[in-house]
Amino acid sequence: MSTDRILELSELWAGYGATPILQGVNMTISRGEIVGVIGRNGVGKSTLMRCLIGLLETWRGTITFMDQDITLLPADARARAGFGYIPQGRDVFPQMSVEENLQVGELIGGPKAKKLPELVYEYFPRLKERRRQIAGTMSGGEQQQLAIGRALIGNPTLMILDEPSEGVQPSIVQHICEALKSFRTELGTTIVFVEQNLDTIMAIAERCYIMEKGKITRSLTGEDVTADNVRAQLLL
Ligand SMILES: Nc1ncnc2c1ncn2[C@@H]1O[C@H](COP(=O)(O)OP(=O)(O)O)[C@@H](O)[C@H]1O
Ligand SMILES: [Mg+2]
């Protein structure tokens, strides 16, 4: 087993009620990679992310994180083990200020979180300017930065983002892409993200997994990560 392998999903099955959605997902992520999961609406991308972070129970198959089988580990334990999750549609606390939202991240992050609020403000200066603003009154892009900042405070080994560009104005999408690349370069963060936006995928993905009907059916690596190939897979 290669030592830089950080995450492995093997024949993963999960769903809602009696309906299977994930039907044997396989995926391998190495430390420090930025990997996109792409595919049409409804194929199970968000379901896969929920299963990965432990919000949805795994029916069959295994999830291995840093050489440990975490398939049965609940979501809070996965967060402590190094997972950071930014769900689709953001999910900041709308009635709380920017600062208070970040404090929640600090609570979740525990002792290892302590030094990070300033770091979040360095990556997202806009949040510092607005630190006393009520989160729900900010733009979609600012809320997305806050959601990412809150996850960053926990100093995750693996950051999981579900459609970070959704509802975010292009200039902020670009800034977020730059920030994500900096997390990897400067903090060593490994990143897995779901995305349908071609520009975002092209800006950050080093590799892409293509998901169809609850399975990973293909991957794009190296020179195959081209706009034409990605566009074809998104079937825009
Ligand atoms: N909470 C839920 N309860 C029941 N079915 C769901 C739930 N969330 C998603 N689904 C269904 O699971 C399938 C995959 O959805 P999802 O993972 O959100 O796809 P994607 O993120 O690729 O658009 C869809 O058919 C969707 O209707
Ligand atoms: Mg989704």
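Which residues are around ligand 1? In this predicted model, the shell consists of Tyr 16, Ile 21, Gly 39, Asn 41, Gly 42, Val 43, Gly 44, Lys 45, Ser 46 and Thr 47. By class, the shell around ligand 1 holds 6 polar residues, 3 nonpolar residues and 1 charged residue. Helix 1, which spans residues 45-53, supplies the largest share of this shell, with 3 residues.

The chain as a whole contains 9 helices and 10 strands. Its radius of gyration is 17 Å, close to the 18 Å that the globule rule gives for 236 residues, so the chain is as compact as a globular protein of that length. Along the principal axes, the C-alpha atoms fill a box of roughly 45 × 40 × 35 Å. Of the 236 residues in the chain, 40% are buried. When contacts between residues at least 6 apart in sequence are considered, 71% of them join residues at least 24 apart.

Helix 6 covers residues 140-153 and has 14 residues. From its first C-alpha to its last, helix 6 reaches 20 Å, which is close to the 20 Å expected at 1.5 Å a residue. Helix 6 is also mostly covered, with 13 of its 14 residues buried.

Just after helix 6, the backbone takes a positive phi of about 50° at Asn 155. Asn 155 lies in the loop that runs between helix 6 and strand 7, the latter formed by residues 158-162. Asn 155 counts as partly exposed because it has 19 C-beta neighbours inside 10 Å, whereas a residue is buried if 20 or more other C-beta atoms lie within that distance.

A positive phi is also found at Lys 213, where the value is about 40° although the residue is not a glycine. Lys 213 is placed in the loop between strand 9, residues 207-212, and strand 10, residues 215-221. For Lys 213, 12 other C-beta atoms lie within 10 Å, and the residue is therefore exposed, the cut-off for that class being 12 or fewer.

Note on methods
Residues numbered from 1 in each chain as written. Chains lettered and ligands numbered in written order. Predicted model: local features only at pLDDT ≥ 70, side-chain atom pairs only at ≥ 80, totals over all residues. Near = placed C-beta within 6 Å. Helix = DSSP H or I, 4+ residues; strand = E, 2+ residues; numbered from the N terminus. Nonpolar A, V, L, I, M, F, W, Y, C, P; charged D, E, K, R; others polar. Expected span 1.5 Å × (residues − 1). Rg over C-alpha atoms; globule rule 2.2 N^0.38 Å. Contact = placed C-beta atoms within 7 Å.
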